[in-house]
Amino acid sequence: MTYNKPKGTRDLFGKELQRLEAINGMARDFFLQHGYTEIRTPTFEFAALFDRSIGEATDIVEHEIYKFETKGKGKVYALRPEGTASVLRAVIENRLPMPQRFLYIGSMYRRERPQKGRYREFQQIGIELLGESRPFYDAEIIELGSRYLHHIGSRDFRIELNSIGCPRCRGQYRIALEKFLTPHLSNLCDDCQKRFTRNFLRIFDCKNGTCQHIYDDAPKITDNLCAECGEHYEQVRNHLRGFGVDYTENKKMVRGLDYYTRTVFEFKHGGLGAQDTVIAGGRYDLLVRELGGADTPCIGWAMGPERLLLTMDDDRPELKHRRTFYVIAIGEKYMDQMIGLRDQIHGSGNICMLGDPGEPIKMQIKKADRVSADYALILGEDEEREGVYAVKDMKTAKQEKVLIAEFASFLVRGMGRKD
Ligand code: ATP
Ligand code: MG
C-alpha cells in the first residue's frame with residue numbers, strides 16, 4: 001500500500017524550496033526596512049470569519065473553502081483561504097493600537113481546479129497597512145509591491161488600477177447598471193444572473209466572453225464615484241506619478257473578494273498564461289468594523305510567490321543558491337585541516353559537508369555526487385606537498401589546483417576564473 005499526496009498539493013524540497021525560501025527571506029528583509037513586521041496567525045479559524053469577511057456570495061466562500069467540524073461541540077472551522085481576515089481578527093482580538101504595518105508569509109488553502117500556477121495549498125506573501133486612510137498610502141503600498149518585484153529580479157509585469165468606490169457610490173451606480181443590463185439579462189451566463197442579484201459588481205469578474213462583450217459598453221463604477229471617492233482616486237493616481245510608478249487603468253477590474261472599497265489593483269506578469277496575476281490587493285476601509293472592531297481604514301495586497309517563481313530563471317543572481325562543497329580528506333591525519341576548511345567555507349556563507357576521511361576516496365567522491373555538491377575539495381599527500389587543494393567541479397568533472405593561500409578568493413570568484 002502506498003500513499004499519494006492530495007490533488008493540488010506539492011512536496012517542496014531541493015532547489016525549488018530554496019528558491020521559495022529565497023523569495024520569502026528577501027520579503028522579510030525588504031518589508032522590514034519599510035517598517036512591516038511579521039505576523040503569524042493560525043492556519044485555521046472559525047469558518048464564520050471568512051464567510052463574513054470574504055463574503056458569502058463569492059467563489060471562495062461558496063466553492064473553495066475547506067471546512068471541517070470536530071467531534072463534540074459542533075463548531076465549524078475552515079482552513080484559511082487568504083490572510084487578511086485573520087490579520088484583522090488578530091488585531092481586534094489583541095487590541096493592537098493603530099497604525100500597524102504587517103507582513104505575513106504562509107500557506108493558504110482553496111479547493112480550486114489545479115493547473116499551472118494554481119494549487120490547492122499555496123503560499124502567499126502579504127502586507128497590510130492598517131489605520132491609514134490617506135491616498136498617499138494606497139500609492140505607497142503599490143510602489144512597495146513594484147519595488148519588491150524589481151528587487152528580487154522580476155521585471156516583466158504591469159500594474160492595473162481601478163476604484164470600486166464605497167457603498168454610497170454603488171447605490172447610485174447599481175441603478176444605472178441595472179438599467180443598462182435589463183435588455184441583456186437573458187444573454188448573460190447563469191453565474192452572472194445570480195451575481196447580479198447577490199453581489200452585482202462581481203459580474204465584471206466573469207470569464208465568459210459573451211458577458212464580457214456586453215460589459216464593455218456598460219457604465220463603469222469608476223465613472224460613477226461619489227465626490228470623496230473620486231477625489232481619493234485622483235489623489236492615488238497623482239501620488240503614483242509622484243512615486244514614478246507606471247500603471248494602466250482597468251475599469252472592469254473589481255476583484256474576487258467582497259471587502260474591497262475604493263482602490264483595487266493587480267500586478268500581472270507577461271510570462272504567465274491564464275493565471276497571470278502575481279500580486280492583488282486593495283483598500284478595505286469597512287472590514288475591521290464588519291468584524292467587530294472600530295472604524296479602521298486599511299489597505300494591503302497578497303502575492304503568490306510560487307506563481308512568481310514560474311516567471312524567473314534559475315540563474316538570476318538574486319536567487320543564487322549558495323554553493324555546496326564536499327570536503328574529502330584522504331586519511332584521518334587531515335582532520336584538523338578539514339575542520340578548518342569547513343569553518344572557512346561556512347564563514348563565506350557557502351554550504352560544506354564532510355566526507356569520512358577513513359572511507360576510500362572513490363566512495364567519498366560518489367557521495368559528493370549523490371548529495372549534489374557543486375565542488376569536491378580534496379586534501380591528501382600530493383596536495384599537502386604542493387600547498388594546494390584539488391577542487392573538482394562536480395558538474396563538469398573538471399579539476400583544478402587552488403593554492404591554500406588563495407582559497408579565500410576562490411570562494412568568492414568560483415571555478416575557472418583567475419580574476
Ligand atoms: P486568481 O484570479 O488568480 O484566482 P485571486 O483573485 O483568487 O487570483 P487573491 O485571492 O487576491 O487572488 O490572491 C492573491 C495572489 O495569490 C494571486 O494573485 C496569486 O498570485 C496567488 N494565488 C491565489 N490563488 C492561488 C492558487 N490557488 N495557487 C497559487 N497561487 C494563488
Ligand atoms: Mg482565485
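A residue is called buried when its relative accessible area is under 20%, exposed when that area is over 50%, and partly exposed in between, as judged with a 1.4 Å probe on protein chains only. By this scale D382 is partly exposed, with a relative accessible area of 43%, whereas R385 is exposed, at 62%.

The structure above is a predicted model, in which local features need pLDDT of at least 70 and side-chain atom pairs count only at pLDDT 80 or more, while totals for chains, interfaces and linings use all residues. Residues are numbered from 1 along each chain as its sequence is written, chains are lettered from A and ligands numbered from 1 in the order in which they are written, and side-chain values use heavy atoms, with hydrogens and water left out.

The domain assignment, which comes from an automatic or database source, gives domain 1 as residues 14-166 + 226-309 and domain 2 as residues 324-413. The centres of domain 1 and domain 2, taken over C-alpha atoms, are separated by 46 Å.

Let us begin with helix 1. Helices here are DSSP runs of H or I with at least four residues, and strands are runs of E with at least two, both numbered from the N terminus. The expected span of a helix is 1.5 Å times one less than its number of residues, so the 20 residues of helix 1 (residues 14-33) should span 28 Å, and the end C-alpha atoms, 29 Å apart, agree with this. The buried residues of helix 1 are R19, L20, I23, N24, M26, A27, F30 and F31. They cover an arc of only 165° around the axis, which puts them on the same side of helix 1; the arc is that of the directions from the helix axis to the C-beta atoms. The face turned away from this buried side carries the exposed residues D29, L32 and Q33. Contact means heavy atoms within 4.5 Å, and what covers the buried residues of helix 1 includes strand 5 (100-109), strand 6 (121-130) and helix 5 (135-151). Just after helix 1, G35 takes a positive phi of about 90°.

Strand 5, part of that cover, contains Y104, which counts as buried because its relative accessibility is 5%. Although Y104 and G126 are 22 residues apart along the chain, their C-alpha atoms are separated by 5.3 Å.

The 17 residues of helix 9 (residues 227-243) should span 24 Å, and the end C-alpha atoms are 24 Å apart, which agrees. In helix 9, C229, H232, Y233, V236, R237 and L240 are buried. They cover an arc of only 135° around the axis, which puts them on the same side of helix 9, while A227, R241 and G242 are exposed on the other side. Helix 5 is part of what covers the buried residues of helix 9, as are helix 6 (167-181) and strand 9 (261-269). Helix 9 is followed by G244, whose phi is positive, near 75°.

We now turn to the nonpolar cores. A nonpolar core is a set of buried Ala, Val, Leu, Ile, Met, Phe, Trp, Tyr and Cys residues joined through side-chain atoms within 4.5 Å. In the largest core, which has 94 residues, F31, Y148, L149 and Y215 touch the most other members. Helix 5 gives the most to this core, with 7 residues. A second, separate core of 17 residues includes C352, V391, V402 and F410.

Charged side chains remain to be considered. A salt bridge is a side-chain nitrogen of Lys or Arg within 4 Å of a carboxyl oxygen of Asp or Glu, and a search of the whole structure finds 30 of them. D382 and R385, with which we began, meet in a salt bridge of 2.9 Å, N to O; both lie in helix 14 (residues 381-386), 3 residues apart, about one turn of the helix. K367 and E359 meet at 3.0 Å, N to O, where K367 is partly exposed at 27% and E359 is partly exposed at 23%. Finally, R158, E160, R255, E266 and K268 are linked in a network of salt bridges.
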